[in-house]
Amino acid sequence: MPAQSRIGVSSPSSTPAGGEPEARLLTEAVTRLRRALRSSIRTDYPWETLPMAQVELLQVLGEHSPARISDLAARRRLAPSTVSGLIGQMMTAGLVARDVDAADRRASVVTLTDAGREKLAAWTVAHERRIDAALAALDDTSRAAITNALPALFQLAEHLGEPSGGAAED
């Protein structure tokens with residue numbers, strides 16, 4: 001049964017123990033969206049080989065630059081050693097540079113290079129173009145539903161980013 005026809009349908013046999021059908025369907029939708037977007041970009045732009053972990057670091061640096069490795073790790077919820085390795089690869093590719101932190105000369109910070117900014121901009125435009133095309137294929141009601149859901153999806157992402165991994169306690 002297509003996911004669209006399952007929305008709003010609750011079946012005890014199809015819901016994992018303790019899982020809510022909405023949570024299961026949202027997880028499935030997010031997974032499919034990420035997979036479809038990654039796949040469509042690789043098909044339409046086969047030269048685009050930047051791993052998602054590096055794209056996400058470029059995005060963080062696009063908003064918060066310069067940044068220390070520890071700050072990048074905290075923002076992406078990764079181990080500092082993982083981020084350090086990714087930054088090393090990105091430095092080799094010319095996407096980022098490491099400099100001395102002006103506030104603490106013992107520490108270093110990472111900044112986007114011009115090439116990194118260009119790569120991030122091209123990646124963003126390519127993804128926006130793909131999403132725009134997919135949205136254009138939907139009917140007005142579906143597009144409006146997605147647009148109206150965006151604020152709630154951002155709130156959901158904030159709650160998922162909390163240390164407890166869920167909703168805040170009252």
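1. Residue L33 is part of helix α2, which spans residues 21–44. Helices here are DSSP runs of H or I with at least four residues, strands are runs of E with at least two, and both are numbered from the N terminus. The model is predicted: local features need pLDDT of at least 70, side-chain atom pairs count only at pLDDT 80 or more, and totals for chains, interfaces and linings use all residues. Residues are numbered from 1 along each chain as its sequence is written, and side-chain values use heavy atoms, with hydrogens and water left out.

2. L33 counts as exposed because its relative accessibility is 60%; exposed means over 50% relative accessible area, buried under 20%, and partly exposed in between (1.4 Å probe, protein chains only). The C-alpha atoms of L33 and I131 are 10.0 Å apart in space, while the two residues are 98 residues apart in sequence.

3. E56 belongs to helix α3, residues 52–63. With a relative accessibility of 17%, E56 counts as buried. Apart from neighbours within four places in sequence, E56 is in contact (heavy atoms within 4.5 Å) with R34 and R76.

4. The protein chain contains 7 helices and 2 strands. Read from the N terminus, its elements follow the order α-α-α-α-α-β-β-α-α.

5. The protein chain has 170 residues, of which 23% count as buried. Among its contacts with a separation of 6 or more, 45% come from residues 24 or more positions apart.
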